[in-house]
Amino acid sequence: MKNLPKWIDLVLIPAINLFLAFMISGLVVVYIGENPFRAMQIIINGSLGSAYGLGYTLYYATNFIFTGLAVAVAFHARMFNIGGEGQAMIGGLGTALVCLFIDWPHWTIALPFAIMSAALFGAAWSAIPAYLQARRGSHIVITTIMFNFIAYSMMVYLLVHVLKPKGQMAPESAKFVAGSNLPSAHDIFGWFGMAFPKSPPLNVTFLLAMLACFLIWLFIWRTRMGYAIRAFGWSETAAVYAGISPFKIIMVTMLVSGGLAGMMSINSVMGEAERLLIDSVQGAGFVGIAAALMGRSHPLGVFLAAVLFGVLYQGGAELEFEMPAVSREMIVVIQALVILFTGALENLVRVPIGRIFMKLNAKQN
Amino acid sequence: MDTKVQHDSAAPMIELRGISKSFGPVQANKNINLKVSKGSIHGIVGENGAGKSTLMSILYGFYKSDSGEIYINGKQINITDSHVAIEAGIGMVHQHFKLVENFTVLENVILGMENSFLINTALNNARVLLSELASTYSLEVDPDALIEDLSVGHQQRVEILKALYRQADILILDEPTGVLTPAEADHLFNILRNLSKEGKTIILITHKLKEIMSVTDTVSVMRRGEMTATLETSKTTPQELAELMVGRSVLLRIEKDATEVGGKSLEVHNLSVMDKRGVTALKNVSFHVRKGEILGIAGVAGNGQTELLEALGGISPATGTMKIDGEEIPLHDKGSDARSRREYGVSHVPEDRQKLGLILDFFAWENIAFGYHHNDEFNKNWLLMDNRKTREIARQEMAKFDIRPPTPNNLVKNFSGGNQQKIVLARELEQNPKVLIVGQPTRGVDIGAIEFIHQKIIELRNKGVAILLVSVELDEIFSLSDRVAVLFDGKIIGERITEETNESELGLLMAGIEDGPEEQPAMESVA
Amino acid sequence: MDYLTIIQILDSMLRLSAPLIFACLAGLFSERSGIFDIGLEGKMLASAFFSAAVAAATGSVWLGLMAGLTASMILAAIHGFASITFQGNQLISGVAINFLASGMTALIGQNWFRLGGRTPSLSGDGRFLPIEFPFAESIGKIPFLGPIYSELLSGHTILVYVALLTVPLTWWLLFKTRFGLRLRAVGENPEAVDTGGVSVSFLRYRAVLICGLLCGLGGAYLATGMAAGFIRDMTAGKGFIALAALIFAKWRPAYALYACLLFGFLEAIAIRYQNITIEGVGTIPVQFMQALPYILTIVILAGLVGKAIPPKAGGEPYVKER
């Protein structure tokens, strides 16, 4: 396609795609026999209408920001990291090891180490697929899928046989040391004398996620490595002409991507559960794909898309409560449709929009 | 096929009337007319991008022409897709073979012509036919061999067999000898002669004049999308064809003063390169370029120019030695990448700006740092690039090189070809290189920009930079270079001082006619 | 381990391999034509749900099977639409299809049956029942060979036998017919097919639809043969194991059968023995057995044991005009 103005590419087309996804979901709601507009209202009220709802919405969004950034960074090098799920799981292991066995005096000291450990574990989990892609040409999508499953089996083994305290039934680790517990939104607002409900799991990691958005933006658009990654993503032949090593780009990109996915566990494992559970990721690795596609691989876009999916996840839970006929899997359907329209069926909207635009342009001249 | 349409024996086997085809803004074919008579071998010569392949793809139904008519054996045919072309008896051997590599020869031959749901019968029929064809045309090939195990020459025979299995009366061969050894090429020409004796009509697309002279009956010349001449081969000469190919368009001779020529800056000795198919594309090439000198590398496209540029630019590994100001530079493994090459002071304007020289989806200012993004001038500190300063540098360079529009905040794909080329040139020239290697600097560039680009290259030479200019445009070679070396078949087959040679002499060298004894015979001029 | 145990494990291997064989061959058709498909899982899931749902509602497993096949083929058509007609990213499309199936089945399941996403239990004509071979009982008494007939070969549902028959059928279709020749060619070099005057899109659509059909059979078997009804996300990664088997088999039908039997065998072992203790080596945890198919595939992909080379044109939409 010829170059469309930026606002069409960044705002109009994603908006139309989102609209299509919502429209089809709405039809499904109608089929189920409920009013889609009321469903929408419940979702929005439940997720944004109260501090309580907002606390959950942003907690989910924090997870999706990390996994979304992970997918987005890889997209810049034209790589599809579908292994966020496994990388986040193994990242959770990294977090847990730091928080289980060291008696931290204060969370501010524990946090940097936990971040490092989570990122390192997540990155390590993406290193083998990255290496196989760079040196052997094994398709990164296939290898990262396999690594998701291997990660899951490994976590089950570790939790059942290694990390589970004696005498406990549930396959989960012991509770983390108290010094590693992160302040929740309730605590933070409390410091400033403000009230925030106690139950939502929103915690200080949300701020970390925003910082990550900024740092990734800096990395991709302001550093030499980011420059090289983008160049490689657009044209591998030109990158080689410019002296950029494809091997290095693939490795660095995937390690950063895996590290980001791993850091999701700071929110879910260290911030919320405060112990390692078998399924600490709960599909967030896949939601990241939708968030990255929706957000056009830009950190700001990923942030907004992550909040949108946070709204859907929290609102979906409310929806199930208010409209028992519509289960929360409605959200998975919407998510699938968003991926379908923004990712796979991109040309369905882009080509006609491009044509309309060209015609309008021709008329003006 | 053989219809009751009144059969005019004088009607040409193939007739094209007014064929035109555009790809976006590029007009690949302009109002082409052509007649080829039955049983003849007709050559079409022209440079890369002259529109030969496009024309033949239209004849074969792979592209649709925008206008024009095609007559086969006197009958107008609307060739909408390859299927229609095959029905009309047209077979094509593409430059890049359309074979399934892990299929056997037989499977490839019957693909698309299986005739029944089970393929056994077709395989058996093909096996019989293949053995017949093998004896008639000396087209021997093992029917059960996998394509990937065959030599390139044999793969080409499979393509010909495919066409004959489809009962083709017309055979189009697109640059058939590009990948063949001389012996294989000779064998191919024998096959073609046999085929034409049996009444098949053959179109041979090539840029090798020697082949045209040795095998064709008639020949057409294409240049910049137009058919400029159709001649009888016996009544023309390689020189005439070379001149028609390169064209005698506006001569833009640049005023260039003699300069102080310094010591040897770039020295290359015994440079050899294997291309992706494992064929040796450059064979023991040696030359040097002095400071303040332009060495032109002339030659018909496809004789090793691309490989030479890529080896010198650090894109692909090579063997031999390369020295800059006496210092040896690795040609393979560690330290042979393009970034190290730049650090040694070699700037490279690649022949394909869109695939190599630019990131089309980057802004102009981002492209100004491309390849030099590690240099201090584009960086704030150890971590961050200085985008503001890069934009400022881009603005200055764009003004200096008269790039339009002069806005750094514009995606490179929105610039015209000439302005894109100027962006590459601005970037590479402004790095004050010791050595500049340039490939086809004015390909697809409008006249005004050509003159400007030439001036800039001369300016750099006058500053004392050693410049290697690879160009298939003889005009360009003559107007810029101080010395000329001619590349043919991966070897340098002759070298001349520009002032002391002429286009006819170079044309002979370009056609692969090696240096004879000292003196060149006087040429009857063809003006 | 006594003889009868071995027979029983092999019996359970056959049962567990059948859905893998269907899905693996499904992937084989699609990928051989140049369309990557990581949405096998989703298509199986959709078929599992709709076959069980319709079987539960009508009491006829055959009607259920039809519904399952239809659902799976609709998803396949969406994949074809995105990857062939709209030249979209085949991997992203596959991901979307998996989610679509996962969400839709749970959503509609809850809406139709209010059983938390399950379908009602199937019984009688509502499911495929084991087929006992003639004289199974008396032949079973013959020592050694008898149990192979009566325990291992006899007593599966019809779809298990169909799965086994699909393997030679696939081989025949792929290597002996015009359709197969063209299908294999289009996955390697679509230009060869196009210049031969054959439509690339039509070929690929057919391959993708066959993929949908076979996934549908696999899914229907899960819900109406192996189990007696649908439960949420009941495919539990089988689509991905099948994908792994496909790579393991290097995209060849006979090897696909072996790979699926191997992976089915591993699963059978894992189900029967939670942890296997080998003298002197230690205990192999069940989780390792579950991960083994994926680990083996990575080893193959790494080129440590023979390199797996996918169809050359796979994953790339075919664009003719330059």
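Q: At what angle do helix 4 and helix 11 of chain A pack, and how far apart are their axes?

A: Happy to start there. This is a predicted model, where local features need pLDDT of at least 70 and side-chain atom pairs count only at pLDDT 80 or more, while totals for chains, interfaces and linings use all residues. Residues are numbered from 1 along each chain as its sequence is written, and chains are lettered from A and ligands numbered from 1 in the order in which they are written. Helices (H or I, at least four residues) and strands (E, at least two) are DSSP runs numbered from the N terminus. Axes are lines fitted to C-alpha atoms, for helices over the stretch in contact, and angles run from 0 to 180 degrees between N-to-C directions. Here helix 4 (residues 84-101) of chain A packs against helix 11 (residues 246-273) of chain A at about 55°, with the axes 7 Å apart.

Q: Which word describes how helix 4 and helix 11 of chain A lie to each other?

A: Angles under 35 degrees count as roughly parallel, over 145 as roughly antiparallel, 65 to 115 as roughly perpendicular and the rest as oblique. Helix 4 and helix 11 of chain A are therefore oblique to each other.

Q: Which residues of chain A meet there?

A: Contact means that C-beta atoms, placed from the backbone, lie within 7 Å. Helix 4 of chain A contributes residues including A:G84, A:G91 and A:C99, and helix 11 of chain A contributes residues including A:G258, A:M264 and A:M270.

Q: Now chain B: in what order do the 4 strands of the open sheet run?

A: Strands of a sheet pair through backbone hydrogen bonds, either parallel or antiparallel. Two strands pair if DSSP finds at least two bridges between them. In chain B the order is 12-11-14-15, with antiparallel pairing. The edges are strand 12 (280-290) and strand 15 (327-329) of chain B, each pairing on one side only. Inside this pairing, strand 11 (residues 264-274) and strand 14 (residues 319-324) of chain B share 5 bridges, and B:S272 stands opposite B:T319.

Q: Is strand 18 of chain B mostly covered or exposed?

A: A residue is buried if 20 or more other C-beta atoms lie within 10 Å of its own, exposed if 12 or fewer, and partly exposed in between, with C-beta atoms placed from the backbone. Strand 18 (residues 466-470) of chain B is mostly covered, with 5 of its 5 residues buried. B:A466, B:L468 and B:V470 point one way, and B:I467 and B:L469 the other.

Q: What does strand 17 of chain B pair with?

A: Strand 17 (residues 435-439) of chain B runs parallel to strand 18 of chain B over 5 bridges, with B:V438 opposite B:L469.

Terms used
Two residues are in contact if their C-beta atoms, placed from the backbone, lie within 7 Å.
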